[in-house]
Amino acid sequence: MQQEAFSPENLETRGEVMDQSAVTPMTDAEEIEILEWEESLDAVLKDSGPQVVAHILERLRTRALLAGVELPFTANTPFANTIPADQQPFFPGDQEIERRIKSLVRWNALAMVVRANRIEPNIGGHISTYASAATLFEVGFNHFFRARTEEFEGDIIYFQGHASPGVYARAFLEDRLSVQQLENFRRELKPGGGLSSYPHPWLMPDFWEFPTVSMGLSPIMAIYQARFNRYLEDRGLKPRTDAKVWAFLGDGETSEPEALGAITLASRERLDNLIFVVNCNLQRLDGPVRGNGSIITELEAAFRGAGWNVIKVLWGSDWDPILARDTEGLLVRRMGEIVDGEYQKFVVEPGSYIRQHFFGTDPRLLKLFEDIPDEPLRKLRLGGHDPKKVYAAYKAAAQHKGQPTVILARTIKGYGLGEIGEGKNITHQQKKLNEDELREFRSRFGIPISDDDVADAPFYRPPDDSPEIQYLRERRQELGGYVPLRTVRAKPLALAQDNLWQEFHEGSEGREVSTTMAFVSMLRKMLKDPEIGKLVVPIVPDEARTFGMESLFRQVGIYSSVGQLYEPVDVHTLLYYKEAKDGQILEEGITEAGSMSSFIAAGSAYSTHGINTIPFFIFYSMFGFQRINDLIWAAADMRCRGFLLGGTSGRTTLAGEGLQHQDGNSHVLALPTPNIRAYDPAFAYEIAVIIEDGIRRMYRDRESIFYYITVMNEPYIMPPMPAGARDGILRGMYRFRASEDKRSKFRAQLFGSGAILREALKAQEMLEEKFGVAADVWSVTSYKSLYTDGLEAERWNMLHPGEKFRVPYVGECLAGAPGVLVAASDYLKALPNSVSKWMPRRLASLGTDGFGRSESRASLRDFFEVDARFIAFATLTELLCEGQIDKAVVRRAIKELDINPEKPDPMTS
Ligand SMILES: Cc1ncc(C[n+]2csc(CCOP(=O)(O)OP(=O)(O)O)c2C)c(N)n1
Ligand SMILES: [Mg+2]
């Protein structure tokens, strides 16, 4: 297909943003008519002000519509700065000193990446992202980002992850990071420590607060963080303040669905404590974000349409006098016509090219620029690089009421890198500069490093008594201290009483309940607890009824920032849908990503706010790890605490739902997250023990762990807790029911988990009654715990040859347990297989590899071969392999147990 060359005529791609007059030529009479209207508008604006103009325009618009005039829809405003020059506030800083500080940060950020790559080629790092974001960050550091103090909770800032070199370089000027640390950027394992590539609280727990480098996650986390701050205020857990949540994003990043997927929540909730700053350098990694369109125009429409306050910062002060001369609005119109690919070209081409291609379309435009020579023309500064414009936008955003604000700041990727990177498609990856290039950069930004030294790219920090350092310190002092800074202020909980849990140790006394119901009872009880009750944050993505949680609606209410503006249809029922301003449940609607972001905000409040909120996020287990694992990974990095509950779990326990919903994967998917503790409990008392211990470990002992617990919807009688089971429940397995037949020579150990434990118990009976096999049954509550424990022991043994051998817990449990070994769970066979090597003998694993089916539990367990029959049968075949029983017994079993050896393999069918 032949590519159409760019010309102002083929601008259909810009659709709604186009001014119709640009394509349909006007008659002279029409031109005169328009001029008259414009003059009238100017006169009204001058005499009566903007509000009256707005009223008139609205009235005219309505009138035209009623008269059948078709007005093109547009969510866009002209391609100009939202804040006109004459409404710009006074810039309170010392611009010259701030420029010098910024230059020093730029230099050190660059030196850090360049040096790292000299010492270790290909260690990576990014220069050009920060180069474009420097002014956006520095205006924040000097004037807006308030640190946490005794009196003020502080602003929350999500820094664009790839700009981390700039944040480190500033911390170096602030004397918070040493030369050695900078030297060890991206080499964290060096003696004395280094700096992590990106913001990772796990790796730098005294510095970074929010991981932002998986693109798209920081915007959604920031939105839910801002909402969670309101939640804490409305529930009286913290005082209301004007603290802000700032999120710095890349323009390329906004293509991630998570980035824009939750923006309507922010406007619906009127989150005027939230400010997005999109660094619109028009480039991503490979090339332009929207070469053939305009990312700024697109984002403006999306955010305005979603109800946000949008502030465009496109043109720097250099453009103000030119725009002032443009009384006909030709320049702004032309600016709105140009596609991003062409704008990018203007960055790399000489002034003559800009003159010809930008303004050459109209002699009147050319005239506007006739007294500006080519070189200065090329250097006319953009809005995102002009501190005055950025300051104006931040101030307006910080003062804006009733809506969240997004600032779309036009910048140049690789700003200041000149020939080697500025605006080039390769700039994102640029990390090596030769001597000449370094010298040029140094000279451009006036860094006092001699020609002799510059080739080494040394770090440079002016003396403490220099005006730059003094200014920087004063500014930060004024704003409460340094940022980013992560601290843990929450006091540990005492958790003195334990009568909360006793009732669940006693069993359901003949009543059939599911583990989900048992968990909900525990949650209800925790919510009433005097110590932890108010700290509990139940989070649910529109599945509360599925989990039988509707009773909580009434008990603690659903959080709504406006209370309940309507009478709910079920108001006359006991469990009506109660929304309340101090409601405790976060009923997020159908968004697992949003709910997980709430979990993250609540799970990290112990550090962000110094409040020990305890989130319980319950979801359809298939839509947890499978769908939003990267947010779970971010929660882990952030050292979040709390409980994730995979509801309706188990591939064969969730009946009828079929391939999409039946989860046999999540416990395997939980294996890689190092600090998550994953449990597949079968009984209420197991859950009670796990949660009680979890709260203690996380909120009293302050461990950086969190929990994943699967709960099921299959009702059965909950037995009382066997004596001495507690330790095994927590460590991953315990013998639930030993065989009473001590004399049989055929022995087996059966391992069951979750709802499948009951199949193992039935198999135990079958084996004993029909085949004379005495089997013990174990509840395996956590293969993950057994696995990590096994790995630890194995590693210790490898590194300590000749010392006393450590036996993994699995091996310890099975030391005196005779017979063949058979495991069955509702998850992949990989799970029991992951620990089989630490067992004394080989293990036969049954599991649910394959796609689910819409069927009953019994059929599903037959299909996946995890029911009691298959457990018994696998035991017999193991005994056959061991040479303990005869083939004839197994043949008889095929008949008696109704096993079809030719049935299709569930893994592949
Ligand atoms: C989810 C995810 N996908 C891909 C990447 C790899 N990546 C890192 S930076 C980048 C380009 C960023 O472009 P943009 O968001 O415009 O930021 P800029 O550097 O231009 O400011 C990409 C694709 C990532 N970090 N996260
Ligand atoms: Mg970009």
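A polar contact is a pair of N or O atoms within 3.5 Å; within protein, one must be able to donate a hydrogen and the other to accept it, and residues adjacent in sequence count only if both atoms are side-chain atoms. Good morning. This is a predicted model, in which local features need pLDDT of at least 70 and side-chain atom pairs count only at pLDDT 80 or more, while totals for chains, interfaces and linings use all residues. Residues are numbered from 1 along each chain as its sequence is written, chains are lettered from A and ligands numbered from 1 in the order in which they are written, and side-chain values use heavy atoms, with hydrogens and water left out.

I begin with asparagine 76. A polar atom of its side chain lies 2.9 Å from the backbone oxygen of threonine 297, and a polar contact of 2.5 Å joins its side chain to that of glutamate 300. Asparagine 76 has 12% relative accessibility and so counts as buried (under 20% relative accessible area; exposed is over 50%, partly exposed in between, with a 1.4 Å probe and protein chains only).

Next, the magnesium ion (ligand 2). Its protein donors (N, O and S atoms within 2.8 Å of the metal, or 3.2 Å for Na, K and Ca; water is not among the atoms, so sites may look incomplete) are Asp251 (OD), Asn281 (OD1) and Gln283 (O), at 2.0 to 2.1 Å. Their spacing in sequence is D-x29-N-x1-Q. Both aspartate 251 and glutamine 283 are buried.
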